[in-house]
Amino acid sequence: MTLRKHRWLAACGLLATASITAAGCSSNSSTGAPAGGSTGSSGGTYALTAGVLHAFTGQNAFFGLNAQNACKAAALQINAAGGIMGHPMNCTAFDTKGDPADAVPVTQRMLVSAPHLVMVIGPDGSDIPSVLPVLQQAKQPEMNTVGDPRYDTQTSPYFWRLTPSDSTQAPALAYYTYHRGYTKIAEVFTSDLSAQTTTTPFQNTFGKLGGTIVKALTITPDTSSYQTEVAAVLAAHPQAIVGEMDAQTAATFLSEVRQQNGGLIPVIMTQRAIQGDWVPAVGPAIGAATVAKYVTAIAPALQASGTAFNAFKASMASVKANPFQAKNPFVAANFDGVIAFALAMDMAKSLDPSAYVADIPKITAGAPGATVVSTYAQGVAALKAGKTIDYVGAAGPMVFNQYGTANRPYAPWTYNADAHSWIMGTTLPENAGL
Amino acid sequence: MSQIVLSLGFGLVTASILALGAVGFTLQFGVTNLFNLAFGENMTVSMFVAYLALVSLHWNMWAAMAAGAVAGAVLSLGISRLVYLPFQRRGTSQFAMVMVTVAVSFILKNVLQMFSGATYYSYQLPPEPPIRFLGMVFDARQLAIIGLAATSLLGMHLLFKYTRLGKAMRATSDNAALARSVGIPTNRVVSAAWVLSGLLAGLAGVALAIDLGSFNSGTGGSYLLLIVAAAVFGSVGEPYGAVLGAVVIGLTSEVAAIYYPQLKDVVAFAILVLVLLLRPDGLRAGRVQMRAEVTV
Amino acid sequence: MSPAIVSYVASLLVYLGVNAIACWGLNLQFGVGGVMNFAFILYQAMGAYITAVLTLPSASTQVDEKYILGWHLPWPLPLAGAAVGGAVLALAVGSFALRPRRRDFQATVMLVVSIIAATLVTSEQGWFNGNQGLFGIPQPFAAALSLGVNSYYWFFLAITVGVATLALALIILLTGSPWSRRLRAMRENAEAAESLGVNVRTESLKVYVTGGAIAAVSGGLLVEFIGAWSPAAWGTGETFIFFVAIIVGGLGNNFGAFFGAFLVLGVFLELPAYLPQMSNTNIEESMQSAAIGVLILAFLWWRPQGIFPERKRNLSRAIPAGARAVAVAEAAGPVLDGKKEHSPQREPDSGTAAAGTLSVRDLSRGFGGVQAVDGLSFDLAPGQVTGLIGPNGAGKSTALKLIAGAIAPSSGEVLVDGVNVAGWPAHKVARLGVIRTFQHTSEFGRLTVLENLLTAAPDQPGDTFGGALLGRRHARARQRELLAKAWALLADFQLTAAADSYAGQLSGGQRRLVEIMRALMAQPRILLLDEPMAGVNPTLRLVIEEHLQRLRDGGLTMLMVEHELGSVERVCNSVIVMAQGRVLATGTMAELRRNEEVLSAYLAG
């Protein structure tokens with residue numbers, strides 16, 4: 001008797017799941033077109049969706065917030081120019097929690113529930129490996145800013161990496177450090193970082209350039225004290241500390257360097273430092289002025305001026321984004337990615353991914369004689385005029401290689417305490433250190 | 001060698017913070033027999049209260065620390081009265097009580113996070129000149145932390161040894177039923193244990209936040225395991241054992257950092273595992289058992 | 001239905017299956033065995049890693065990726081490897097984490113282990129590619145079958161259902177066995193279970209290893225489905241989600257665990273996505289997590305047994321009516337008629353052997369500076385009841401615990417039928433027939449009275465892990481025999497009405513009776529009674545006394561610690577007086593009443 005009751009409840013449970021899914025579907029059917037968003041041929045004006053599939057909660061929540069605002073700003077520009085082939089576009093957030101296991105059902109829910117899904121601004125962290133196969137099976141193109149070098153030679157036509165691979169970051173870091181005049185440095189990375197992909201290339205390049213690593217340390221992230229490690233670093237008398245640390249680790253480590261040394265020494269970090277949570281943690285711990293004086297971050301370069309950048313900045317302000325974000329090259333790259341995808345649809349005259357996906361690299365290829373455009377409106381106009389275009393966006397040229405990665409030059413970034421933002425220095429030469 | 005001496009000095013700071021926390025944790029456990037996994041959040045709340053006092057109200061560090069400690073005590077007593085005691089009176093089993101404390105820690109942490117957001121906070125204390133001493137390096141604040149821990153622990157020692165409250169606590173810790181039967185007002189003793197434990201959690205929390213440089217709503221919770229490790233190491237319920245555990249774990253984790261900086265916590269925890277292999281109920285298990293047995 | 005919906009629904013069902021397997025594993029460990037595995041997620045994660053590296057080809061073929069093994073095994077070998085790996089890991093962890101006596105200490109050690117493991121896996125790049133983790137793990141048969149996307153989803157769902165069914169079959173086999181009864185007894189009161197011959201540490205380890213293997217399979221299945229695994233997939237905190245799931249679903253109930261799995265998926269993962277979205281996702285997440293905390297509290301307060309409580313086993317139904325009637329008829333006489341000779345055979349199995357002998361020689365045990373037992377020596381007269389009295393703190397209970405092996409003596413001998421058992425663990429001493437009852441009632445609260453009794457009986461074919469695997473039929477004959485015996489005891493103690501009640505719901509006196517009956521079921525040759533009259537009303541006291549007298553007349557050797565001197569006088573043949581850890585005097589109560597020394601030490605005070 002009780003068993004039967006249990007079964008009945010199980011049936012209820014399953015029914016509930018089914019009804020949840022049905023709810024997901026009905027939100028589509030109300031717009032009068034099938035889900036999946038891959039059919040763009042039907043008439044009438046309907047809203048398109050850009051799915052922002054990112055971690056919005058947990059440690060990497062800043063990834064999601066960056067991408068969401070970049071998408072919104074781009075959608076603003078697109079919709080102001082009349083939308084994509086007359087259809088307005090919305091950005092909808094889907095939270096992967098940064099967890100590869102949680103990300104799969106979320107991705108599928110996105111595919112089911114997002115009305116007229118035309119592009120995906122995809123995950124940047126540990127969640128991407130499980131999400132990509134699902135998107136590729138669904139033939140859904142996605143853009144990302146993931147650093148993982150394992151994607152350096154991937155061949156899927158649905159994978160578009162807007163920023164360089166980490167495999168080019170370590171050489172750039174070494175190049176900058178050496179050319180800044182620091183030849184004896186201490187290298188400090190947290191142990192959760194892939195030694196193979198960052199530490200080893202860095203050591204190779206730095207050695208080749210003629211620099212000496214007087215102390216190489218891999219430290220446990222987020223422990224309560226690094227006093228011993230700091231003492232070991234200082235005992236080697238480096239000219240600078242080079243490496244990567246998450247926000248909490250950097251706050252503790254650098255404040256202990258300052259304490260033991262009676263002041264900080266120059267610090268050169270990877271792009272991790274310009275992410276939104278770093279300065280809020282490190283700044284108060286060692287003083288924002290100290291961050292400004294001693295810390296440099298090596299991150300992809302941003303154009304930071306010109307029509308494209310100004311349009312980007314204006315859109316970012318309109319969507320009430322954190323001013324931090326308008327200075328972030330990853331946000332700018334995501335913004336450019338959304339515009340480029342939209343222009344590819346216009347070029348292919350189709351919302352169908354299988355039709356427009358081949359046009360994505362053409363939009364930004366910079367072919368000789370192409371008309372350089374800086375905004376979506378300019379791009380649409382030039383395409384209508386039958387011209388070949390070259391979209392150079394807020395983050396500068398974005399040329400995809402055969403593996404779907406847009407390598408870009410790096411630049412040193414320093415913090416400006418008064419403006420509360422990172423300011424880009426002189427761009428490093430392309431392929432610096434490689 | 002000098003490197004090791006230096007690390008021992010650093011370890012002393014870590015050990016001091018750990019000891020404050022571990023004694024608070026173990027004292028409350030001894031008296032109430034409740035394994036309180038929400039202790040870390042108690043620390044975090046105190047960190048934030050001290051932050052408000054220090055940064056918003058511009059109190060000095062000592063006053064802010066006192067505010068944090070008082071907040072810790074109030075919270076600790078409040079939760080024990082509102083949540084733990086009612087559950088215990090219902091006869092909730094030991095393991096279910098652990099889940100109750102886990103639930104409380106979930107709630108505290110996330111309510112804190114709702115108000116504090118995902119960002120980090122810092123007391124923004126100015127740098128202090130290093131002080132060299134017997135081959136070790138400290139700054140004034142770290143010496144203050146060590147001093148604070150020493151004073152608090154001495155205070156606890158005197159309390160246990162010479163006051164009626166302290167003796168009543170020890171008696172209750174040994175055998176609550178017996179203590180009640182000889183007229184010790186165990187309810188009051190239990191409350192006192194929660195208050196003291198909260199005070200120590202508060203002090204440990206603020207000291208930790210000072211040492212870390214920055215903290216957020218999850219800091220206390222992630223530090224709790226080291227505290228529990230120190231307490232388990234010295235047999236939970238045994239304040240002197242907890243101090244021993246704190247010193248061993250604090251010193252080894254710093255010394256381990258010379259050789260295995262990427263695994264220093266692992267080394268500290270490995271010691272705990274080793275101790276458990278040799279003495280399943282902690283180093284000073286005999287003493288705890290004695291008190292339980294002799295009173296029978 | 002659109003293809004996307006099909007794959008969404010199919011994936012959700014696969015996740016449901018994976019979570020169900022995991023919840024069953026945790027339910028076996030925690031719900032049945034009471035082992036608080038706070039490292040649970042580690043086993044799921046390890047299963048995933050092992051499956052991944054057994055499925056992937058050698059790491060030397062990969063760019064920028066390092067891992068061990070890389071054996072490229074065909075399905076289902078990677079899953080089997082995960083099960084083995086999970087079991088081995090559980091064996092290694094359990095061998096030290098299960099050593100502390102308290103469950104909450106064990107839990108903490110496991111939490112520590114889980115965090116250490118996460119740190120190691122993240123920082124040791126060579127094992128499972130560190131923080132980046134593993135990716136591109138091929139799905140089983142995907143290449144060979146070359147099905148369409150949706151057909152493959154259904155195919156994988158079929159695999160999931162198959163694996164889940166196997167897991168469930170194993171779980172049902174185990175949870176329906178006499179072994180699980182012993183586990184549940186251990187969960188309720190480990191010390192009492194130990195005193196009845198259950199090797200708590202070993203049995204805990206077995207259930208820990210089994211649950212670990214099952215959890216690992218769930219992780220393996222998950223990684224085969226999603227094709228990637230990294231430290232981000234398993235936060236230490238996720239363990240608590242599983243705990244919440246089975247607590248809400250119902251501890252000790254396999255359907256409850258399944259329902260819990262549904263909750264994990266439906267409520268924590270999918271449902272929030274359908275709630276109205278807030279502008280600040282972090283606040284939303286905080287509220288969600290805080291709500292989980294409130295949910296735990298609410299359930300532990302209002303419905304600690306969960307939505308689907310543990311099923312009560314009404315064992316009396318398995319006893320044929322004939323057998324019941326016989327037992328009742330036999331019991332009716334002796335209880336009322338004290339003169340009637342009570343045949344030793346009537347007490348379970350106690351007549352088969354000669355009365356046990358017990359000698360204690362120079363037994364000592366100190367704690368710190370205090371000698372609780374200090375050179376204690378005495379002999380028990382076989383087949384007689386010896387009283388052990390003395391003032392508070394004289395060391396009586398400690399002496400009993402030393403004899404029973406609950407604590408180890410620092411020196412001295414305990415000779416049971418000439419064998420020195422000093423320092424033996426309690427369960428081993430119990431198997432010699434030395435059974436101890438407890439000063440505080442120690443019934444297994446959430447076992448029925450009959451189950452309490454059956455737990456104690458030795459030599460049950462299904463009461464080991466291996467025996468449980470052989471199935472219920474294997475254990476049935478002996479079970480029937482034991483049930484009849486238990487029923488006879490119940491009839492004798494006039495407790496048949498409570499046979500199927502949870503022991504924890506009985507009155508204090510009745511629980512005392514259950515404890516004595518349980519001790520008798522254990523076929524004692526020497527019975528150690530620790531204050532059997534404590535907290536018992538005068539009427540029931542007479543009943544207990546009468547039973548003890550009958551056992552005495554049946555020739556059972558007993559040692560009884562008791563403060564109630566009237567009872568001691570009526571039940572015991574002779575009495576030992578202890579003071580300050582040693583024997584002060586021996587004799588009958590009448591003799592002792594004339595002994596000045598005893599009077600001053602104890603009786604007068």
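**Strands, helices and a chain contact in a predicted model**

Let me begin with a pair of residues in chain C: S364(C) has D374(C) as its bridge partner in β4(C). Before I go on, please keep in mind that this is a predicted model, in which local features need pLDDT of at least 70 and side-chain atom pairs count only at pLDDT 80 or more, while totals for chains, interfaces and linings use all residues. Residues are numbered from 1 along each chain as its sequence is written, and chains are lettered from A and ligands numbered from 1 in the order in which they are written.

The names I use for helices (H or I, at least four residues) and strands (E, at least two) refer to DSSP runs, numbered from the N terminus. Strand β3 of chain C, residues 358–367, is joined to β4(C) by 8 bridges, and the two run antiparallel; two strands are said to pair if DSSP finds at least two bridges between them. They belong to an open sheet of 4 strands in chain C, with the order β4-β3-β6-β7 and antiparallel pairing. Because β4 and β7 (419–420) of chain C each have a single partner strand, they stand at the edges, and one side of each is left without a neighbour in the sheet.

β4(C) also leads us to the neighbouring chain. In total, 42 residues of chain C are in contact with 43 residues of chain B, where contact requires the C-beta atoms, placed from the backbone, to lie within 7 Å. The elements of chain C that give two or more residues to this side are α4 (103–123), α11 (238–249), α13 (281–302), β4 (370–380) and α15 (396–404), and the largest share, 13 residues, comes from α4(C). By class, this side of chain C has 26 nonpolar, 12 polar and 4 charged residues; here Ala, Val, Leu, Ile, Met, Phe, Trp, Tyr, Cys and Pro count as nonpolar, Asp, Glu, Lys and Arg as charged, and the others, Gly among them, as polar.

Staying in chain C, helix α7 (residues 149–175) and helix α10 (residues 200–226) pack at an angle of about 175 degrees, with their axes 11 Å apart. Axes are lines fitted to C-alpha atoms, for helices over the stretch in contact, and angles run from 0 to 180 degrees between N-to-C directions. That angle makes α7(C) roughly antiparallel to α10(C), a label for angles over 145 degrees, whereas those under 35 count as roughly parallel, 65 to 115 as roughly perpendicular and the rest as oblique. Among the residues making the contact are F156(C) and V163(C) of α7(C), and I214(C) and F225(C) of α10(C); by class, the contact has 8 nonpolar, 2 polar and no charged residues.

In chain B, helix α5 (residues 140–162) packs against helix α8 (residues 186–212) at about 165 degrees, with the axes 10 Å apart, which means that α5(B) is roughly antiparallel to α8(B). This contact includes R141(B) and I145(B) of α5(B), and L203(B) and D211(B) of α8(B), and its residues by class are 6 nonpolar, 1 polar and 2 charged.

Finally, chain A has an open sheet of 7 strands with mixed pairing, in the order β7-β6-β8-β9-β10-β13-β14. Its edges are β7 (212–219) and β14 (421–424) of chain A, each with a single partner strand, so one side of each lacks a neighbour in the sheet. The twist averages 25 degrees from one strand to the next. Within this sheet, 3 bridges join β9 (residues 267–269) of chain A to β10 (residues 295–300) of chain A, which run parallel, and I268(A) has T296(A) as its bridge partner in β10(A).

Note on methods
Contact = placed C-beta atoms within 7 Å.
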